[in-house]
Amino acid sequence: MRGVLVILACLFASLSPLDCNQQGSIPEGDLLVLTVATQETDGFRRFLRSAKHFNYTIRVLGKGETWKGGDYMSPPGGGQKVRLLKSALEDIQEENKVILFVDSYDVIFSSGPKELLKKFQQAKHRVVFSAETLIWPDRHLEDKHPHVREGKRFLGAGGFIGYAPNLKQMLSDWSGADSDSDQLFFTKIYINPEKRKSINITLDNKCRLFQNLHGALDEVVLKFEDGRVRARNVLYDTLPVIVHGNGPTKLQINYLGNYIPNLWMFETGCTICNEDLRPLSGLQESEYPVVVIGIFIQQPTPFVTVFFERLLNLKYPKNRLRLFIYNQEYHHEPHVRTFLEYHESEYQGVKLIGPEEDIDPETSRDIGFDMCREDIDCVYFFSIDVDVVLKNRDTLRILIELNKPFIAPMMSKPGRLWTNFWGALSADGYYARSEDYVDIVQGRRVGLWNVPYVSNIFLIKADTLRTDLKDPDLFESETLDPDMAFCSKVRDKGVFMFVTNMHTFGRVLSTENYQTNHLHNDLWQIFENPVEWEERYIHENYSKVLKDGLIEMPCPDVYWFPVFTDVACKHLIEEMEHFGQWSGGGNVDKRIQGGYENVPTIDIHMNQVGYDKEWHKFLLDYVAPVTEKMYPGYFTRAQFDLAFVVRYKPDEQPALSPHHDASTFTINIALNQVGVDYQGGGCRFLRYNCSVTAPRRGWALMHPGRLTHYHEGLPTVEGVRYISVSFVDP
């Protein structure tokens with residue numbers, strides 16, 4: 001009896017029984033999602049993942065077909081989608097079947113079928129199209145669109161939902177070519193009052209179901225709430241179910257797709273970082289994927305020797321690695337040659353392009369890619385610029401196991417917000433800061449991030465190079481720098497560039513102001529690359545000096561502590577010998593104020609080799625804190641008039657007579673090793689009859705200069721002894 005009353009009520013209301021059924025909720029089983037995808041792309045896989053997350057039923061049309069429908073950058077197209085949809089609808093006979101038709105490469109679901117169907121019912125129409133702010137492709141049709149009291153006025157063809165019979169009716173007149181405009185076809189139906197009424201079409205004016213991003217970027221924000229992430233339209237205060245990066249908004253949909261649906265949340269962090277992994281653990285070394293490592297040296301760069309040391313220390317079987325080395329700088333030829341002389345045989349193969357071949361950097365990178373493309377065994381290409389400091393020895397393994405077509409480890413510059421990725425692009429294709437950039441850089445958001453630009457270091461699958469990125473001119477552009485041109489072409493091919501900050505990988509050096517006119521130019525990097533300088537030149541136990549009290553007192557008020565590495569000592573000695581202008585050891589010395597030295601030594605001053613500013617920085621950062629700790633109440637700015645390297649030789653100047661220093665305190669650093677490099681030597685403090693006769697290489701003696709610590713240099717009887725002396729606070 002109740003069913004009869006419902007039918008009678010529908011008839012009196014001039015509604016068909018099917019319309020009347022909408023008064024109850026539509027079963028989720030009545031919904032079918034149709035989309036067109038002629039090939040699998042990263043965007044398509046993202047679409048499927050979001051659909052699976054909400055348990056949508058998806059049918060993909062056009063698989064394996066050649067796409068002839070154009071793209072968002074070329075003249076209007078998309079007719080191929082209409083043809084495929086019309087054909088698919090012919091097989092659907094259920095009159096109550098609800099069809100959602102959406103694009104897939106640039107679409108993500110933000111909510112599930114239940115909410116979608118509820119909002120569809122609330123629209124009270126048989127077909128609902130997405131709406132746009134901008135009219136496209138024919139502006140002349142603007143006046144023919146119905147006016148709306150509030151919301152978006154123009155039809156968007158990238159997403160619509162409706163009952164199968166109504167969609168069949170809508171498509172019945174289609175006879176266009178694959179390259180014709182689907183947008184124009186649907187628009188002409190919508191602006192025809194009779195067809196609009198007959199098919200019962202409306203637009204989702206306030207973005208309750210569909211959010212098109214083109215023309216609406218300022219309207220859309222991420223909404224984090226109750227363990228969910230979705231998009232919110234702040235203009236209409238709606239939560240769209242489907243988000244579409246239509247037109248030139250691919251970067252914005254990529255940004256939103258880093259979070260929606262629930263890919264990253266404040267409560268859980270990254271929820272997909274452990275999906276689809278390619279574990280290497282358990283593999284025999286012979287089973288590891290073959291990787292071509294491309295090393296690019298395009299400008300004078302500090303710490304190149306250290307770069308090759310870190311490359312050698314990568315935890316990856318060297319017999320599964322092939323090296324492509326491009327060096328444009330004659331200055332770095334000795335570094336490359338030395339590395340290959342000792343280690344080339346350890347790798348499966350090496351190809352070197354040197355500066356004498358005069359190949360430009362863009363071409364070199366294409367050649368590197370070709371080395372991988374043409375090698376049937378190559379599985380990955382690992383590109384790394386020489387200014388990368390690869391601290392994490394597991395970097396290559398980590399990137400391979402994440403199993404992405406293109407992935408980069410996040411690298412930064414110490415003390416700066418600079419990284420090797422951009423979170424967004426400006427309108428002219430250059431850097432722009434995304435809302436989450438600082439949080440990602442500073443580690444407050446950790447995960448995998450689809451970004452528009454990476455540089456310096458990345459891993460790319462060989463299959464991607466052989467298919468999507470097979471073009472030979474990936475780095476060429478008339479307007480963009482090579483790295484920007486490359487990233488632009490990668491994006492245009494639909495390949496997602498991921499960056500991960502799930503581990504600490506390393507950093508990128510500053511190459512500004514790098515001078516190559518010294519023997520050991522890295523010594524001068526204390527300002528530009530202080531972290532790398534410290535790791536190279538400051539003793540590994542120096543941190544224990546202040547923290548754990550690793551300071552000895554061999555004589556009263558004489559403090560002894562580690563400060564320099566063996567490399568620092570070696571480089572200082574070699575730098576001075578390379579300079580070669582040792583003083584004669586006489587009393588007349590034009591280098592100092594007054595021109596007379598009471599107690600002369602055979603020496604070279606720091607300012608003679610242009611190292612006085614760097615030496616002051618060293619004293620200020622590494623000596624002054626120890627001074628203030630050991631001499632309480634004394635504050636120093638580490639100023640000096642004299643800082644020099646002294647050379648003692650039995651046949652030149654073996655010793656130094658008793659004297660006071662022209663300083664408040666003196667720093668005396670042993671640069672080589674007694675018993676190995678020389679015999680004898682040391683320092684004796686006469687007042688206390690106390691001697692330090694076995695100075696440790698890289699350790700500093702710190703003592704008062706005036707009044708109390710009258711001292712002498714003990715004779716060097718064999719070999720050559722070098723010390724670095726600084727008269728601080730004269």
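Trainee: What classes of residue make up the lining of the largest cavity?
Mentor: Six nonpolar, two polar and one charged. Keep in mind that this is a predicted model.

Trainee: Okay, and which residues line the largest cavity?
Mentor: The lining consists of Asn668, Ala670, Gly682, Cys683, Val692, Pro695, Trp699, Leu701 and Arg721. Two strands, β33 (665–670) and β37 (699–704), each supply at least two of the lining residues.

Trainee: What volume does the largest cavity have?
Mentor: About 50 Å³.

Trainee: How many cavities of 30 Å³ or more turn up in the whole structure?
Mentor: Three, from a search of the whole structure. The second largest cavity holds about 40 Å³ of space.

Trainee: Let's look at that one, then. Which element gives the most to the lining of the second largest cavity?
Mentor: Helix α10 does, with three residues. Strand β18 (388–390) also supplies at least two.

Trainee: Switching to helices now. What angle do α10 and α11 pack at?
Mentor: About 25°, and their axes are 9 Å apart. Here α10 covers residues 304–312 and α11 covers residues 333–343. That angle makes α10 roughly parallel to α11.

Trainee: Is the crossing of α10 and α11 left-handed or right-handed?
Mentor: Right-handed. On the α10 side, the contact is made by Val304, Thr305, Phe308, Leu311 and Leu312. On the α11 side, His335, Val336, Phe339 and His343 take part. By class, the residues of this contact are six nonpolar and three polar, with no charged ones.

Trainee: Nice. What about α4 and α7, at what angle do they pack?
Mentor: Helix α4 (residues 79–89) and helix α7 (residues 182–190) pack at about 65°, with axes 7 Å apart. The two helices are therefore roughly perpendicular to each other.

Trainee: Which residues meet there?
Mentor: Gly79, Lys81 and Val82 in α4 meet Asp182, Phe185 and Phe186 in α7. That contact has three nonpolar, one polar and two charged residues.

Trainee: Great, thanks for the tour!
Mentor: Any time.

Terms used:
Residues numbered from 1 in each chain as written. Predicted model: local features only at pLDDT ≥ 70, side-chain atom pairs only at ≥ 80, totals over all residues. Heavy atoms only, no water. Axes fitted to C-alpha atoms, helices over the stretch in contact; angles between N-to-C directions. Helix = DSSP H or I, 4+ residues; strand = E, 2+ residues; numbered from the N terminus. Parallel < 35°, antiparallel > 145°, perpendicular 65-115°, else oblique. Left-handed = near helix turned anticlockwise from the far one by under 90°. Contact = heavy atoms within 4.5 Å. Nonpolar A, V, L, I, M, F, W, Y, C, P; charged D, E, K, R; others polar. 1 Å grid on protein atoms, 1.4 Å probe; cavity = no way out; pocket = protein on both sides within 12 Å on 5 of 7 lines; lining within 4 Å. Points joined across faces, edges and corners; volume = space filled by probe spheres on them.
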